[in-house]
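I opened my notebook to look at one protein model. My entries below follow the order in which I looked things up.

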Amino acid sequence: MRALRAGICALIAFAVLALGGVEPSGQAVLEIGAAALFVWWAILAIRRRQVEIHGNWLYLPLVGLGLFAMVQYVAGMSVYPYVTKIELLEWAACLLLFFLTVESFCTVALAKQLIWFLVALGFVVSLFGIVQHFTSNGRLYWSIPLAAGGSPFGPYVNRDDFAGFVELVAPLGLALLFFRACRREHVALLFLFTIVPLGAAILSASRGGIIGLVLEFVLVLFLSRVRRMGKRQVLIATALTLVAGAFVVWLGVSEAIQRFEQLTPEESSYNLRLSLYRDTWRIFVHHPWFGTGLGTLRTVYPRYATFYLPGVIVNHAHNDYLELLAEMGVVGGLCGLAFIGLLVRQGLRNLQAAETPLGRAIVAGSLVACMGLLLHSLVDFNLHIPANALIFVLLACLGTAEFRPPAEVRTLASHEADAMPNQTWASEPPMIRTEAKPGSNHAAKLLIPGR
């Protein structure tokens with residue numbers, strides 16, 4: 001399983017650094033990588049002759065959306081079946097990686113490894129973004145031109161997408177600090193890993209991202225306050241605020257301030273955004289039940305557009321919820337609503353049930369990160385950026401997973417070590433055994449006897 005966990009982390013890092021995974025080549029690597037990791041998991045399961053599947057409530061809406069998109073493609077309900085098929089492949093890759101995360105990061109200690117990896121990745125990418133911002137020649141990585149324009153920051157073509165990435169990783173560090181879930185010798189390092197992404201997000205001047213980060217900070221603080229926040233949390237919160245403020249002032253925030261000053265009803269982009277929302281809503285009204293097909297907004301939108309700008313192509317609605325309704329209708333909307341409802345319900349239950357500060361920090365950080373991106377999705381399309389969508393799905397997994405006790409994992413590992421290739425098992429039919437508390441995400445084990 002160690003190689004499987006390393007493979008998941010490698011795919012996350014690749015997606016972020018490869019322009020957020022928006023290029024066809026990056027999407028292909030993600031899809032092939034997810035399939036390869038799934039095959040490797042199957043090989044490991046066959047070798048140990050025991051298949052163990054852990055449940056998660058989020059499978060219901062995720063699989064439901066995928067199945068409905070497949071029906072759109074097969075039944076000819078999509079106005080552009082080829083695009084729907086491409087989107088289905090991306091969806092399948094995310095679902096496979098969600099499944100593999102449920103199976104491989106199944107304890108608090110293993111989830112901690114993924115959390116620290118994401119925090120470290122956020123620091124590295126943010127530091128790169130800051131350096132590139134002050135030395136940029138208008139190209140990504142100082143060499144890749146932006147043929148269609150954009151406002152790049154770090155490896156992302158759009159600063160709002162970079163801000164969405166920070167919204168996903170910053171709450172993890174905040175939660176570890178506020179819940180006192182890290183060693184004393186790691187506090188300074190974690191403090192640094194959290195401050196730099198916050199400063200980079202403000203430097204990127206993404207209005208939606210800055211508002212989302214402020215609300216995430218308040219929400220993490222509130223959740224830790226519920227658990228009787230002590231003097232240490234107060235000191236950490238104060239220090240974070242002061243140091244982050246000083247760091248941001250040192251970097252320079254004039255552009256961010258100017259963008260907030262421009263947020264008026266007379267701003268042209270504001271009016272265009274409202275027109276985009278109205279036109280997308282009209283698409284939903286004309287296709288209310290089943291939508292136009294997953295990924296088809298770009299194809300359908302010109303017919304409903306009420307404004308025209310030369311050379312401008314509308315790829316997304318800048319509102320993931322309206323886009324979901326337009327492409328998948330009421331059926332897709334209900335699946336999306338079920339996902340959010342289950343995420344909040346299971347996340348809060350796991351937060352209350354967590355027995356250690358580390359467990360509470362993992363659940364709280366993951367839940368707040370998902371809530372922050374869902375809020376940002378009201379004015380952007382971060383869930384259509386493969387890297388951000390992948391991290392979002394995996395954090396949703398950590399926030400709703402029921403982690404196994406370490407002793408159970410050690411027992412399973414010892415059984416794997418004892419199971420030699422020439423070992424003879426009892427000749428009895430396969431047996432499914434469930435081990436879980438009533439009402440919890442249970443694990444089903446399929447014991448396969450040797451031949």
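**Entry 1: Tyr321.** I began with Tyr321, which is partly exposed because its relative accessible area is 28%. My cut-offs: buried is under 20% relative accessible area, exposed is over 50%, and partly exposed is in between, with a 1.4 Å probe and protein chains only. This is a predicted model, where local features need pLDDT of at least 70, side-chain atom pairs count only at pLDDT 80 or more, and totals for chains, interfaces and linings use all residues. Residues are numbered from 1 along each chain as its sequence is written, and side-chain values use heavy atoms, leaving out hydrogens and water.

I placed Tyr321 in helix 13 (residues 320–353). Helices (H or I, at least four residues) and strands (E, at least two) are DSSP runs, numbered from the N terminus. Which residues does Tyr321 touch, not counting those up to four places away in sequence? I listed Ile340, Leu374, Leu375, Ser377 and Leu378. A contact means heavy atoms within 4.5 Å. I also looked up Leu383, 62 residues from Tyr321 along the chain. Their C-alpha atoms are 10.0 Å apart.

**Entry 2: helix 15.** Helix 15 covers residues 386–400, which is 15 residues. From first C-alpha to last, helix 15 reaches 21 Å, close to the 21 Å expected at 1.5 Å a residue. The expected span is 1.5 Å times one less than the number of residues. Is helix 15 mostly covered or mostly open? Mostly covered: 15 of its 15 residues are buried.

**Entry 3: Met70.** Met70 sits in helix 3 (residues 59–74). With a relative accessible area of 43%, Met70 is partly exposed. I found Met70 in a nonpolar surface patch of about 450 Å², together with Val63, Leu67, Tyr73 and Val74.

**Entry 4: the whole chain.** I noted 16 helices and 3 strands in the protein chain. The chain has 451 residues, and 50% of them count as buried. Among contacts between residues at least 6 apart in sequence, 77% join residues at least 24 apart.

**Entry 5: confidence.** pLDDT is the predictor's confidence in each residue, from 0 to 100. The chain's mean pLDDT is 83, and 78% of its residues reach 70 or more. Over residues 410–439 the pLDDT is below 50, and this stretch has 36 contacts in the model beyond near neighbours in sequence. Residues 445–451 also stay under 50, with 28 contacts beyond four places in sequence. Where pLDDT is low, the predicted coordinates should not be read in detail.

Methods
Patch = residues over 30% accessible without salt bridge, like charges linked within 9 Å, V, L, I, M, F, W, Y side chains within 5 Å. Areas by Shrake-Rupley, 256 points an atom, 1.4 Å probe, with all protein chains shown as cover. Salt bridge = Lys/Arg side-chain N within 4 Å of Asp/Glu carboxyl O.
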